[in-house]
Amino acid sequence: QNKCLNRPVPFSFPQTFDKILIANRGEIACRVIKTCKKMGIKTVAVHSDVDSSAVHVKMADEAVCVGPAPTSKSYLNMDAIMNAVKQTGAQAVHPGYGFLSENKEFAKRLAAEGVTFIGPDTHAIQAMGDKIESKLIAKAAKVNTIPGFDGVVKDAEEAVKIAGEIGYPVMIKASAGGGGKGMRISWNDEETREGFRFSSQEAASSFGDDRLLIEKFIDNPRHIEIQVLADKHGNALWLNERECSIQRRNQKVVEEAPSTFLDPDTRRAMGEQAVSLAKAVKYSSAGTVEFLVDSQKNFYFLEMNTRLQVEHPITECITGLDLVHQMIRIAKGYKLQQKQSDIPINGWAIESRVYAEDPYKSFGLPSIGRLSQYQEPLNLPNVRVDSGIQEGSDISIYYDPMISKLVTYGKTREEALKKMEEALDNYVIRGVTHNIPLLREIIVHPRFVSGDISTKFLPEVYPDGFKGHMLTAGERRELLATAAALYVAAQLRSQKFLGDLSRQWELCVELDKGVHMLGVSRAGNNYTVEIDGEKVEVSGEWNLASALLPITINGKHRNLQCLLRTAAGEITLQYLGTSFKLRVLSKLAAYLSKHMPEKIPEDTSSILRSPMPGSVVAVSVKPGDNVAEGQEICVIEAMKMQNSMTAAKTAKVNSGQDISYLDLV
Amino acid sequence: MATYTLMRSSLGLLHGLKCSFKSVGQIPYAGALTRSKVLQNARCYSVSHLSVQERIEQKRKAALTGGGQLRIAAQHKRGKLTARERLELLLDPDSFVEYDMFVEHRCSDFGMEADHNKYPGDSVVTGQGRINGRLVYVFSQDFTVFGGSLSGAHAQKICKIMDQAMMVGAPVIGLNDSGGARIQEGVESLAGYADIFLRNVMASGVVPQISLIMGPCAGGAVYSPALTDFTFMVKDTSYLFITGPDVVKSVTNEDVTQEELGGAKTHTTVSGVAHRAFENDIDALLNLRNFFNFLPLSNKDPAPVTECHDPRDRLVPGLDTIVPFESTKAYDMLDIVHGIVDEREFFEIMPNYAKNIVVGFARMNGRTVGIVGNQPKVASGCLDINSSVKGARFVRFCDAFNIPIITFVDVPGFLPGTAQEYGGIIRHGAKLLYAFAEATVPKITVITRKAYGGAYDVMSSKHLRGDVNYAWPSAEVAVMGAKGAVQIIFRGKENQAKAEAEYVEKFANPFPAAVRGFVDDIIQPSTTRKRICRDLEVLASKKQTNPWKKHANIPL
């Protein structure tokens with residue numbers, strides 16, 4: 001078992017801090033607290049009122065409420081957090097990622113109070129936090145950069161002009177941005193204007209800074225980043241790369257370390273440039289230098305993130321270092337213990353970001369809800385789950401919809417991927433829509449498995465959007481057989497008092513409009529299901545209460561999940577990541593169902609329904625207006641992303657209902 | 001006034017006859033041409049050269065085809081199954097034992113005595129069978145024979161199986177699909193209804209009675225389902241009303257469709273007459289099989305126990321965070337119910353009516369239990385007229401059939417206002433109080449949050465012989481909310497805010513009730529399932545009897 005999975009830190013520690021406040025929430029707050037606990041450091045959690053019973057609050061030694069749910073009033077509320085620091089006497093603050101992690105004001109205010117900021121110095125945050133400035137510094141440090149306009153764009157018209165000079169496609173992004181927020185790609189003048197508007201709004205709401213810049217958009221690139229670690233004594237290391245090309249809407253979904261694409265020379269070149277950039281800004285702590293790598297292995301500096309990255313666990317897995325531990329040591333002023341030659345690449349690690357979102361809508365639109373059932377696949381070896389939620393937690397519109405980071409490790413990439421399949425199949429999430437169907441498909445896709453990926457992977461592989469797993473004939477049989485066996489097992493249980501149980505069943509199973517006649521015979525827990533002349537052997541424990549359904553189909557072990565089983569024979573199974581709706585009926589019921597009247601579903605094309613919960617930030621139409629198909633009606637903001645809602649058909653706007661905060665439109 | 005009411009009601013009854021006449025009337029004519037072939041068999045049995053054996057065969061065959069292929073096709077076209085198809089789906093394969101297949105109607109007026117107007121078995125199929133191996137008596141009205149209309153013979157068949165069901169102690173399930181009274185028979189048909197009503201009443205509380213409305217059910221006929229324990233409907237193809245739209249138009253001048261007047265949606269959301277509705281015949285029958293598994297066979301039977309795969313000591317960590325911090329914020333009581341019961345399986349009764357109270361059946365460690373819970377998500381979970389009546393009827397069913405009752409309490413009180421007072425919330429609220437108080441089955445109560453005022457007493461409190469009463473740490477047992485209380489105690493005085501804080505500190509927690517022994521324990525929510533399973537085992541041998549009485553006098 002790989003060491004990273006237990007987050008090893010030496011048994012004895014040099015004195016660092018007595019108490020650390022973690023100015024963050026969710027999984028990263030829990031992650032930091034875990035290392036602090038190992039290091040014998042007391043922890044303080046901050047939380048908004050809705051988070052008062054969150055996992056990070058329970059894990060910490062102390063907790064302080066810093067305001068109401070909206071992030072601007074709680075986790076971004078510097079005054080309240082400074083008060084919490086003073087009130088609890090914390091000696092240092094770990095900012096996690098997002099929120100105040102790259103906010104130089106915050107770092108300054110902490111310094112003024114004599115509290116250590118666990119991260120780089122303010123000048124490095126400032127230099128790297130500004131994309132324009134960072135590009136200039138990178139150029140000076142002989143780091144390869146992307147051609148573009150090195151200045152702030154004033155308005156949409158100037159944006160169009162500059163875009164014309166650089167040549168389309170161009171990327172418009174927030175100068176203060178990160179994490180894909182406030183970022184738009186544009187292929188023509190019209191899109192540039194629209195992109196300018198959206199990006200500046202998003203930038204203003206996410207970072208409080210609406211400055212934008214424009215640069216050449218590198219088509220079909222890979223996104224590969226180098227983890228660096230630097231101390232306050234001028235030493236810096238690169239901890240190898242992370243391949244983060246699988247993205248949707250510029251947000252990462254699946255990451256791995258190392259990358260299949262880099263050869264040792266490129267890796268070293270990138271690592272050395274990253275280190276020279278870190279040294280140029282006198283960087284200390286953990287940081288990440290992001291590069292775009294084109295198909296010729298040319299790499300261009302994208303930006304430097306002056307914080308712990310979401311995907312840091314995979315680097316920990318292959319290097320054996322605990323990055324949070326290192327950050328705390330460095331913040332206290334200790335020197336790095338390792339030399340560059342001490343940094344290994346041991347094995348392979350994959351990270352899947354499990355999100356509460358619907359993967360069938362533009363690869364993932366946020367969903368909310370209560371986790372009615374939640375079980376992490378920690379029973380499997382070489383699996384690490386970083387999460388900040390538990391059964392019963394609410395996924396709300398206020399925060400990032402990430403449920404967890406699922407990390408698997410193997411000696412080889414193949415082993416790590418196999419483990420990921422198993423882990424995803426064993427992950428039980430009920431109550432919110434989640435993206436496991438998409439993750440499960442990505443990691444087995446031939447292009448991904450062969451390492452042929454780019455940031456365009458998802459739109460290229462699923463040009464018409466993600467539709468779930470496409471069953472082969474054999475898989476279809478497996479699924480039908482399982483549903484039939486499960487149905488029979490459930491039927492048999494309700495007849496437990498009957499002496500002589502029936503051994504032969506004739507069933508009719510419906511799966512996406514296909515109807516199959518199945519013969520099922522049973523011996524103990526083993527079922528033989530005959531489908532179109534083929535025999536499928538299914539056996540298992542048939543525990544009808546368990547969320548997981550581990551079975552053996554024709555000698556092959558499979559982990560399915562039963563999501564729904566009703567009296568009317570509806571069975572929903574999660575199979576190979578995707579959930580499938582089946583209906584199992586006795587032969588008689590199936591025969592008679594031809595007489596049942598067809599019900600016409602409600603026509604909703606004249607109703608505009610928001611694909612996700614959120615708040616309306618702008619409404620572009622009035623009651624009585626005529627709208628054309630595709631015309632923007634309103635803009636919804638949820639989880640910090642702005643989405644434009646458009647009319648589904650040409651129509652007249654009827655009612656002028658007040659749309660207020662939290663309304664479902 | 002009295003005469004007027006009488007007139008109206010007799011008009012209603014009359015319409016029952018009228019509407020049935022329509023449907024019945026059509027049949028002989030519509031089918032006249034084609035009938036000769038279909039019913040050749042039926043006509044033959046009077047021919048004397050056939051042996052008895054042959055006649056038996058022919059009559060059986062005729063009985064199995066009911067009103068003939070044409071009408072069967074018409075029935076299918078309406079999206080409905082035939083009486084026999086329904087029974088086949090409802091019962092275990094080959095378990096149906098039919099009674100009275102040879103019974104024929106005895107009417108000799110209006111040409112009814114003619115051979116071609118006689119159908120062996122008449123317009124209902126009766127008998128007994130098994131659902132998952134357990135005995136049940138059934139009748140299934142056959143719309144293809146005289147529109148399923150009720151003749152004296154039809155009623156007599158139903159009465160026979162009801163009498164036997166009571167004698168052996170097995171539930172009765174009725175599948176209703178009938179145009180109404182057999183008008184040709186006149187008062188004999190009415191007598192038949194009354195005979196059934198009487199048996200419905202006599203069987204009430206002795207064996208469970210379930211009605212599944214699968215077609216029209218109008219006029220006097222509606223009172224049989226109304227007297228049974230549960231009435232289920234099939235969406236879009238079933239109707240229940242005293243008088244149809246035509247009579248409504250002529251009497252009250254209202255324009256209303258059948259569906260609006262007495263469809264499944266109306267009765268499951270507005271009137272509360274039906275307990276649940278299902279998509280179609282198949283869906284309804286399969287769900288009914290599932291529902292049947294929850295019920296004991298009679299009042300002598302204990303609540304059934306089935307094999308259970310869900311560990312009885314399973315912790316439910318989600319419950320520790322389910323009650324929001326702010327006591328004004330809502331949450332879904334169903335989340336608590338689903339978390340606690342076996343396999344998250346909850347058969348909710350009246351899910352769309354009086355949603356501020358949740359009632360239904362579930363299992364704990366395999367044993368059937370009745371669940372009653374206030375629903376904070378709807379009207380803050382307050383008790384009003386409809387929710388009190390809904391809760392009371394359910395509690396009384398559970399008590400009658402030895403089903404333990406688990407009550408989840410989060411109730412801010414009774415709903416105030418003129419609408420409620422004029423509607424008689426006092427006497428209707430008393431029903432729920434009465435039902436909980438008289439119940440002698442095991443009663444377990446969990447106060448999840450608010451238990452305010454009289455509503456606290458009502459909701460299966462310790463004072464009403466609750467066997468085990470728990471409070472979660474978030475419980476607030478008090479006369480009323482802090483604000484209201486302080487306004488009364490400190491009327492006109494300053495420092496209300498401070499007084500309010502003091503009140504909250506003193507009363508907005510489980511301690512005042514716990515120190516008095518009004519709750520037995522304050523428990524960690526995640527352990528609730530474990531505790532209840534253990535308590536139910538202990539209480540399985542509970543014996544409690546109320547004083548002898550002819551019958552009690554619940555405030556109706």
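User: What share of the 556 residues of chain B count as buried?

Analyst: In this predicted model, 56% of the 556 residues of chain B count as buried, where the word applies to residues under 20% relative accessible area.

User: How do you know that the radius of gyration of chain B agrees with that of a compact globule?

Analyst: For 556 residues the globule rule gives a radius near 24 Å, and chain B has 27 Å, which agrees. The C-alpha trace of chain B spans about 100 × 55 × 45 Å along its principal axes, and 74% of its contacts with a separation of 6 or more join residues 24 or more positions apart.

User: Why is the pair of B:Tyr119 and B:Phe146 called edge-to-face?

Analyst: The ring centres of B:Tyr119 and B:Phe146 lie 5.4 Å apart with 85° between the planes; because rings pair if their centres lie within 6.5 Å and planes over 60 degrees apart count as edge-to-face, the name applies.

User: What makes this pair a tie between separate parts of chain B?

Analyst: B:Tyr119 lies in the loop between strand S1 and strand S2, while B:Phe146 lies in the loop between strand S3 and helix H7, so the pair ties together parts that are 27 residues apart in sequence. Both B:Tyr119 and B:Phe146 are buried.

User: Which class does the pair of B:Phe230 and B:Phe397 belong to, and which parts of chain B does it tie together?

Analyst: The pair of B:Phe230 and B:Phe397 is edge-to-face, with 4.7 Å centre to centre and 70° between the planes. B:Phe230 sits in strand S7 and B:Phe397 in helix H15, so parts 167 residues apart in sequence are tied together.

User: What makes strands S13 and S19 of chain A edge strands?

Analyst: The open sheet of eight strands in chain A has the order S13-S12-S9-S10-S11-S14-S21-S19, with antiparallel pairing. S13 and S19 of chain A each have a single partner strand, so one side of each is left without a neighbour in the sheet. On average, neighbouring strands of this sheet are turned by 25° against each other, direction ignored.

Conventions:
Residues are numbered from 1 along each chain as its sequence is written. Chains are lettered from A and ligands numbered from 1 in the order in which they are written. This is a predicted model: local features need pLDDT of at least 70, side-chain atom pairs count only at pLDDT 80 or more; totals for chains, interfaces and linings use all residues. Side-chain values use heavy atoms; hydrogens and water are left out. Two strands pair if DSSP finds at least two bridges between them. Helices (H or I, at least four residues) and strands (E, at least two) are DSSP runs, numbered from the N terminus. Axes are lines fitted to C-alpha atoms, for helices over the stretch in contact, and angles run from 0 to 180 degrees between N-to-C directions. The radius of gyration is taken over C-alpha atoms; the globule rule is 2.2 Å times the number of residues to the power 0.38. Buried means under 20% relative accessible area, exposed over 50%, partly exposed in between (1.4 Å probe, protein chains only). Contact means heavy atoms within 4.5 Å. Rings of Phe, Tyr and Trp (its six-membered ring) pair if their centres lie within 6.5 Å; planes under 30 degrees apart count as stacked, over 60 as edge-to-face and the rest as tilted.
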